[in-house]
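Reader: Hey, can you walk me through this one? I'd like to start with the terms.

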Amino acid sequence: MNLLPRRKSAPSTNGATLDTEAPLLSCRGVDVAYGAVQILFGVDFDVQRHEIVALLGTNGAGKSTL
């Protein structure tokens, strides 16, 4: 739950405008294979401003690769 108000843009330190609606990190369709073994299958995710994200999984699930 995000309790912080969103603004459409905010000034950056260099005078440019930042889009605060856009994700800070966005991954789309990430596929990774090591030889014949595919580790990640079409991973999509976004990390928004003010979010805390944890990536959990078993050993060999592709956390470090992602």
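Author: Buried means under 20% relative accessible area, exposed means over 50%, and partly exposed is in between (1.4 Å probe, protein chains only). This is a predicted model, where local features need pLDDT of at least 70, side-chain atom pairs count only at pLDDT 80 or more, and totals for chains, interfaces and linings use all residues. Residues are numbered from 1 along each chain as its sequence is written, and side-chain values use heavy atoms, with hydrogens and water left out.

Reader: OK, H50 then: buried or exposed?

Author: H50 is exposed, with a relative accessible area of 55%.

Reader: And what's its phi?

Author: H50 has a positive phi of about 75°, although it is not a glycine. Most residues other than glycine have a negative phi.

Reader: Where does H50 lie?

Author: H50 lies in the segment after β4. Strands here are DSSP runs of E with at least two residues, helices are runs of H or I with at least four, and both are numbered from the N terminus.

Reader: Let's zoom out. How many helices and strands does the protein chain have?

Author: The protein chain has zero helices and four strands, so along the sequence the pattern reads β-β-β-β.

Reader: How much of the chain counts as buried?

Author: Of its 66 residues, 14% count as buried.

Reader: Back to the strands. How do β3 and β4 pair?

Author: Strand β3 (residues 25-34) pairs with strand β4 (residues 37-47) in the antiparallel sense, over seven bridges. For strands to count as paired, DSSP has to find at least two bridges between them.

Reader: Which residue in β4 stands opposite V32?

Author: That's L40. Y34 has V37 as its bridge partner in β4.

Reader: What about the hairpin, how many residues sit between the strands?

Author: Two residues lie between β3 and β4 there, and G35 takes a positive phi near 65°.

Reader: Switching to charges: how many salt bridges turn up in the whole structure?

Author: The search finds one, where a salt bridge is a side-chain nitrogen of Lys or Arg within 4 Å of a carboxyl oxygen of Asp or Glu. The side chains of R28 and D46 form it, at 2.8 Å from N to O.

Reader: What does that pair tie together?

Author: R28 lies in strand β3 and D46 in strand β4, so the pair links parts that are 18 residues apart in sequence.

Reader: And how accessible is D46?

Author: D46 counts as partly exposed, at 31% relative accessibility.
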